[in-house]
Amino acid sequence: MNIRDYLFIKKAKSSNKIKILDVLGFESDTTIIQTPEIIKAMDNEDFTADVEINDEISIQIYENEVINDLNDDFVGTDLYSDTDTQTFTPLNVTSQLRKIWTDLEQRRRWVIPTFLSIVVIMFISFSSVFLLNLRNNNIQNEELTNTIRENTSIYINQLPDLLAIATDPFYSRYDISNGSANLQIIESTLLTYQNNLNNRDIEQIDEVNSKLTNLFQFIEKLDLIFTYRIMYSEILIYNDVLNIDENTDIDKLAEDLSIIGSKSVLNGESLPKIDEFESHTQIVNSALSTAQDLHGRLVASLRNNEVDVAQGLISAIKLNKESEVNFFNKTIDEFNQTYLLVLKEIGELP
């Protein structure tokens, strides 16, 4: 029943109240006492006015009670307790952060220390990573330096053996080829060692650089000697050509001597220039010129059947080669002795 229904019932006469209650769904077996005095009073205007005033007061009281009940129900009701779990409930995180930021006292107490703590943690983290990487790099550089130094020492100790191969009177093409290849490896190792000096703190660095310079000069000269030996191995090599008897084909002998002379001249011109071998190079050029003359005279004596003259010329050709070979052996021996002392003075590299 609302307020309007209540007022309507109050204003209705008692005879109509039963019907009104039936319409509103209330039981109608209510006994309403009506006396002549009451009916007469109800028809009186003063009573009607009093009833209306009392009705208005009752309505106000009723409205106040309803409003109070609604307020009590609203206050006592938990809006979020009956809310569906799937309903989105906004969080005032932004407003809370804004409130903290605008509050100077809270900013001083929380924001600034938090910010400083984050900065300090980041600085410590970056510093730790940087120092760790620096330490690892130093360890790697140290290991690399030790490896280079050990390899360099191993290869430098091979230089006396390579010098012996280069200055051995007995020529071996196989040994010379291997020696030349090993010499290139040693040179590469020394270059790596030299480049790594920039990453090292070595006392008397000038002395180390001087040693490296001497080693590079020695390696370059030793490489030239290997080339010299290869070219020299094809100069005035007669083998069995000078074994002459009555069955010797003079034309074939002339052809062989011509080939030997031409090859010797070509290789003599290809000999590398080495200060220690300059005298021997001159001896080789002189021996080649002498050999060309002796070859022609030998062929001519054989064509003229001058056997004794041919034998003398053969001896002269062999002596010409032997003299040149003796001078060569002397030269390489002197070179060996000189540069053994150079290697001894250089010693080991730090």
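These are my notebook entries on a predicted model of a single protein.

**Confidence.** I began with the pLDDT values. The mean for the protein is 76, and 65% of the residues reach 70 or more. I then looked up where pLDDT stays under 50. One such stretch is residues 45-52, for which the model has 3 contacts beyond four places in sequence. Another is residues 85-89, with 1 contact of that kind. Where pLDDT is low, the predicted coordinates should not be read in detail.

**Secondary structure.** I counted 12 helices and 0 strands in the protein.

**Burial and surface.** I found that buried residues make up 25% of the 350 residues. The protein exposes about 24,500 Å², and carbon and sulfur atoms supply 54% of that area.

**Contacts along the chain.** Among contacts with a separation of 6 or more, I noted that 74% join residues 24 or more positions apart.

**Nonpolar core.** I next examined the largest nonpolar core, which has 54 residues. Leu159, Leu190, Leu222 and Leu298 have the most contacts inside this core. The elements giving two or more residues to the core are α6 (104-156), α7 (159-166), α8 (173-196), α9 (205-232), α10 (250-269), α11 (278-303) and α12 (307-346). Helix α9 supplies the largest share, 11 residues.

**Leucine 222.** Which residues is leucine 222 in contact with, leaving aside its neighbours within four places in sequence? I listed Leu162, Leu163, Ala166, Leu183 and Phe335. As background, I recorded that nonpolar side chains tend to be buried together in soluble globular proteins.

Key. Residues are numbered from 1 along each chain as its sequence is written. This is a predicted model: local features need pLDDT of at least 70, side-chain atom pairs count only at pLDDT 80 or more; totals for chains, interfaces and linings use all residues. Side-chain values use heavy atoms; hydrogens and water are left out. A nonpolar core is a set of buried Ala, Val, Leu, Ile, Met, Phe, Trp, Tyr and Cys residues joined through side-chain atoms within 4.5 Å. Buried means under 20% relative accessible area, exposed over 50%, partly exposed in between (1.4 Å probe, protein chains only). Helices (H or I, at least four residues) and strands (E, at least two) are DSSP runs, numbered from the N terminus. Contact means heavy atoms within 4.5 Å. pLDDT is the predictor's confidence in each residue, from 0 to 100. Accessible areas come from the Shrake-Rupley method with a 1.4 Å probe; for residues, only the protein chains shown count as cover.
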